[in-house]
Amino acid sequence: MQTFDLEAEGLRALNSTLHAQAANTNQTHWEIVNPKGSHAIAVGLDAPIEVNIKGSTGYYCAGMNKQATVHVHGSVGPGTAENMMSGMVVVEGDASQYAGATGHGGTLVIKGNASSRCGISMKGIDIIVHGNIGHMSAFMAQSGNLVVCGDAGEALGDSLYEARLFVRGSVKSLGADCIEKEMRPEHIALLEELLERGGCDAKASEFKRYGSARQLYNFNIDNAY
Amino acid sequence: MKDDHNGAPRTMPIQSATFSNPVNAEIRRAAATGIYDIRGGGAKRKLPHFDDLLFLGASMSRYPLEGYRERCDTNVTLGTRFAKNPIKLDIPVTIAGMSFGALSGGAKEALGRGATMAGTSTTTGDGGMTEEERGHSNKLVYQYLPSRYGMNPDDLRRCDAIEIVVGQGAKPGGGGMLLGQKISDRVAEMRNLPKGIDQRSACRHPDWTGPDDLEIKILELREITNWEKPIYIKVGGARPYFDTTLAVKAGADVVVLDGMQGGTAATQDVFIEHVGQPILACIREAVRALQDLDMHREVQLVVSGGIRTGADVAKAMALGADAVAIGTAALIALGDNDPKWEAEYNALGTTAGAYDDWHEGQDPAGITTQDPELMKRFDPIEGGRRLNNYLKVMTLEAQTIARACGKNHLHNLEPEDLCALTLEAAAMAKIPLAGTDWYPGKPGTSY
């Protein structure tokens, strides 16, 4: 276990040290202490390492992650795991806006609540939120899966493309072109796997599935506001 | 003209200037279809432009340099503020961002070939980075756009600079649309969307709002790329003084300022023609912002929107820009709108020089299309050669003017080298009206 004191050594030293880890590094376990809400912690990682952050972070924690597992023992600011490509990010606390925005792959688990625009423009990432999510979540979401064990705010899935949304609780309102869809056996199986991956003991049968009505896929003047 | 039944002359028919034939035709088109006109390109209306400025040249009070023989440098370095590896270019004319998707892979390759031969940079666009342009571009600027189509950390690390696109001159405040007919398998895969559907590009970024957030976003991008890459911020010509000020505050190495003549692959005609300012009105305000922050030349200014000739380059630089970017002009150099395709333009209901339905993917020149048969018409090697020639001519023209003004580097051109032909140009560019020492709004004067 390598321990890195962010307050003492600084952000540049932290990220350059983590970037220097090759695929076959022996230093596979890292602990970051004193994050104190700093921005851009552990961004752009590209090695199969595990990073534990002991406290809360600011903006863009684990942004553009590849391969690495980043575990935040606290809450995260806006844009955590934005544009993630692969790997896993786990947040023990709550997440601010844009969690998992534009993520292309990997898994983001938020054990608390996520604020607005969770999964905005997601492109293949899987996001599992144990609590609730805020308004305009999954806006223009292209692909991947968003699982919400609690409630969803207003305009869920507005202008949705092919992402799948699973919500256990209430949905305050659906956004344009987002509709409830049938939960078929393949969706139950997929959701069970996602819940297991996210460390969530909810039952897949308790969820509803939402997806795109595909009415906005080609421009039609009658759909314009 | 026939007389009326009493033998008196009839009133001559007069076309309305307000309800002109083109206006009426558009009203009829809108009434028939119920949809606004979407097209490519930039503003087509006549605007105050560089043509409304002249260089004064040398005479008794200025000493010229010998044309062709005396040295007149053209190099420029972009990104000197924070980046470890600023971009060094031989000429101050760069290629603006244009997407793969809007353009064919061959056209992107040609832009890379031509720019590399000329010693300048090219820029990606919405849709990500292709091997054609990375492989053929010695210096490649990677655009960071609201859609984040194709965005990934590997390409961030293999680019030479990052351009965060906040807006563009053709549509400041607007997003984009790539219509389904241009979404080939390859384009769809790069954008992670189904083939054949319209692909929207959002008008604002998904994970930051405002310059305070952007400052943190730039920190993230610098951390991911080891602080090596220059970071540009591109804005449309909206409020150039404040936009430039805020871009510098957010941490830009370079500000890219695009006037309303700057092209787009596709947006509403009403947006192109009625939102934003001409580049002539933007440059001095952006320079003033940089000077007020003591950042002029420390943060470089790249301007675009209607740059066509070496004279335009020289005028932009005399007004305070460090470099310019060309898009539409580069496409014309490649062969876009060439009269040799006139019959096919006619078949599309248009004519060479006016073709702007780039979004429909039927470009006879094989440039703004993903149709395999049309793409075969375009030779990227020949296209690259033509672009290089054009860039050389622009540079030679700008040098000719600079030498005539007694300047041994294009960067030494200055507002004092210019006069304005119209009151509008004088006011916008803050350049004295020809034959006077005055321009509207000049401090210490009244009018």
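Reader: How much of chain B counts as buried, and what does the word mean here?

Author: A residue is buried if 20 or more other C-beta atoms, placed from the backbone, lie within 10 Å of its own, exposed if 12 or fewer do, and partly exposed in between. In chain B, 55% of the 447 residues count as buried. This is a predicted model, where local features need pLDDT of at least 70 and side-chain atom pairs count only at pLDDT 80 or more, while totals for chains, interfaces and linings use all residues. Residues are numbered from 1 along each chain as its sequence is written, and chains are lettered from A and ligands numbered from 1 in the order in which they are written.

Reader: How many helices and strands does chain B have?

Author: Helices (H or I, at least four residues) and strands (E, at least two) are DSSP runs, numbered from the N terminus. Chain B has 15 helices and 16 strands. Its radius of gyration, taken over C-alpha atoms, is 23 Å, close to the 22 Å from the globule rule (2.2 Å times the number of residues to the power 0.38), so chain B is as compact as a globular protein of that length.

Reader: Let's take one helix. Which residues of α7(B) are buried?

Author: Helix α7, residues 240–250 of chain B, is mostly covered, with 8 of its 11 residues buried. They are B:P240, B:D243, B:T244, B:T245, B:L246, B:A247, B:V248 and B:A250. As a general idea, an α-helix has 3.6 residues a turn, so residues three or four places apart point the same way.

Reader: What do those buried residues pack against?

Author: Two residues are in contact if their C-beta atoms, placed from the backbone, lie within 7 Å. The buried residues of α7(B) pack against α6 (211–224), β11 (231–236), β12 (254–258) and α9 (279–292) of chain B. Just after the helix, B:G251 takes a positive phi of about 110 degrees.

Reader: Which residues touch the most other members of the largest nonpolar core?

Author: A nonpolar core is a set of buried Ala, Val, Leu, Ile, Met, Phe, Trp, Tyr and Cys residues joined through C-beta atoms within 7 Å. The largest has 186 residues, and A:V147 and B:V324 touch the most other members. Helix α9(B) gives the most to this core, with 9 residues. Leaving aside neighbours within four places in sequence, the contacts of B:V324 include B:P92, B:V93 and B:V302.

Reader: And how many residues does each chain bring to the contact between them?

Author: Chain A brings 36 residues and chain B 22. On the side of chain A that touches chain B, the largest share, 3 residues, comes from α2(A).
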